[in-house]
Amino acid sequence: MTIRPKQMMLFFLIALVFLITGCAGLTSLTIQKNFRDIADKTLPVVVQVNTVDIFSQEVPDLDGWDFFFPDPDGEGESEEREFRTQGLGSGVIVRRNGDTYYVVTNNHVVGEADEVSITLHNGRIYPADLIGKDPRRDLALVSFSAPGVDIQEARLGDSDSLRIGDLVVALGNPFGYSGTVTQGIISGLHRSGPTDISDFIQTDASINQGNSGGALVDLKGRVIGINTWITTPTGGSIGLGFAIPINSARNVIDQLIETGQVAYGWLGVSITDTSHDILESMKEDDVSGAVVTNIYVDSPAEKAGIRPGDIILNVGRRRIKNADNLIQAVSDLPVSRNSDFVILRDGESLEIPVAIEERADDDTIRARSDKFWPGLRLYPITDALREEMEKIPERGVYVLAVDKGTPGESAGLKSGDVITRLGKTEIDSLDAFYSSLKLAEDQALAVSVHRGGEDLELMMGPMKQN
């Protein structure tokens, strides 16, 4: 039998269809098996965190007929009763020391709870103790004891290696549905959020109330984030979930286990992002980093020679992309040790060693406002600003805000002012302002200001007061 060319082509096409169909089926089964394996590996390390808040409150003693006929004079007896409110969230078993297991969760999950317990994936419940909290990152660590029981720990991944588009799986207990698994991708990285130290992974994997403190894992079942918060107008998931990178949580876990508290590094500056308008006004190229706008006198930054107008590009080997990124990096730095900072100043890259100090509490820092120099938050005068504001000068820098108790406030500067001269220098850009500020940091400066159609002459004190 002779096979014609058309028959040969038909056989080839049929074989190709079977091959493609078979490969597609094999790929689908492989993907399904992979997700099953992830669930099998990671569900045992994700727990339910149960909390109880106990409070007392006086209530009327409504015995007998008093319930129907209350005392009109309001002089009836009352008694103090105890009330218990329950809450729940998620957590991840991250460490074991003998019979003691450590669970990382969110600070907002444990809050000020009087009682905490852990429910494992297999349903066993253990009373737990609070080890410590990190409210600036919204993390907390609790522990429980399970003598004679072998409980699985999570494998931690590397959140610095993540890329947008990576497949991820979220695990937790949304609305109390324990052991829930959802799948999605990484939608964004280095997102800002509601915490002081803000550097979040964004995902479209479904995250809801009760998922807080749960795990975000990669396709190898390694934890790369701790689910924390969602953006939603309804209270339910709309595909905007956020997780704390596990590399940020590692240092917190270590410190809480060792000391029960977290020591934050402190540089002593205020910063802003490197936007296009700011970089253009500073006469710098398009770079990513954090612009130093103010410094604390006698802070690590001031002692090292960092000044307002410097752009911080690197901390050690860590590339700084924005202000949030710098806050994260400095908070993780070891205290009382030198760390190398790379800054950009007047177009020149400089490497400066900085001896980081431990950050004091917010009240202590605010009490040092007189050492916050110059205490101004500035913005260049742009076309958009000219359109929005009436009678604004063509040149100068715009004062967005003035911090209380600072040399800027003492000089009489106010929000909405336009600084047109500093010392002997005409100010036409942020570059001119910061350059003049650095040159005259040890002496008082005359400040020419345009305010509401009037020109004023003020005097601002030096960086270091006599």
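## Notes on the loops, barrel and ring pairs

1. Let's start with D138, which is found in the loop between β5 (125-134) and β6 (139-145). Strands here are DSSP runs of E, at least two residues long, and helices are runs of H or I of at least four residues, both numbered from the N terminus. D138 has a phi near 65°, a positive value in a residue other than glycine. D138 counts as buried, at 8% relative accessibility. Buried means under 20% relative accessible area, exposed means over 50%, and partly exposed is in between (1.4 Å probe, protein chains only).

2. A word on what you're looking at: this is a predicted model, in which local features need pLDDT of at least 70 and side-chain atom pairs count only at pLDDT 80 or more, while totals for chains, interfaces and linings use all residues. Residues are numbered from 1 along each chain as its sequence is written, and side-chain values use heavy atoms, with hydrogens and water left out.

3. Two other backbone spots deserve a look. F175, found in the loop between β7 and β8, is not a glycine, yet its phi is positive at about 55°. Then there is the cis peptide bond that joins W373 and P374, with omega about -5°. P374 has its place in the loop between β21 (372-373) and β22 (376-380). For background, most residues other than glycine have a negative phi, and most peptide bonds are trans.

4. Next, the barrel. It is closed, has 6 strands in the order β7-β8-β9-β12-β11-β10, and its pairing is antiparallel. From one strand to the next, the twist averages 45°. Two strands pair if DSSP finds at least two bridges between them. As an example, β7 (residues 167-172) and β8 (residues 180-191) run antiparallel and are joined by 6 bridges. V168 has G184 as its bridge partner in β8.

5. What lies across β11 (223-230) and β12 (241-245)? That is helix α3 (residues 246-259), running at about 50° to β12. Angles like this run from 0 to 180 degrees between N-to-C directions, with axes as lines fitted to C-alpha atoms (for helices, over the stretch in contact).

6. On the pairing side, 2 bridges join β24 to β23 (residues 397-402), and the two run antiparallel; here Y398 has V418 as its bridge partner in β24.

7. S448 is found in strand β26 (residues 445-451) and is buried, with a relative accessible area of 8%. Which side chain does the side chain of S448 make a polar contact with? It is that of E457, at 2.9 Å. A polar contact is a pair of N or O atoms within 3.5 Å; within protein, one must be able to donate a hydrogen and the other to accept it, and residues adjacent in sequence count only if both atoms are side-chain atoms. Leaving aside residues up to four places away in sequence, S448 touches V418, I419, T420, R421, L456 and E457, where contact means heavy atoms within 4.5 Å.

8. Last, the rings. The structure holds 7 aromatic pairs. Y101 and F144 form a stacked one, 5.4 Å centre to centre with 15° between the planes. Y101 lies in β3 (residues 100-105) and F144 in β6, so the pair ties together parts 43 residues apart in sequence. F200 and W229 make an edge-to-face pair, 5.6 Å centre to centre with 75° between the planes. F200 sits in β9 (residues 200-203) and W229 in β11, 29 residues apart. Rings of Phe, Tyr and Trp (its six-membered ring) pair if their centres lie within 6.5 Å; planes under 30 degrees apart count as stacked, over 60 as edge-to-face and the rest as tilted. F200 is buried at 2%, and W229 also counts as buried, at 19%.
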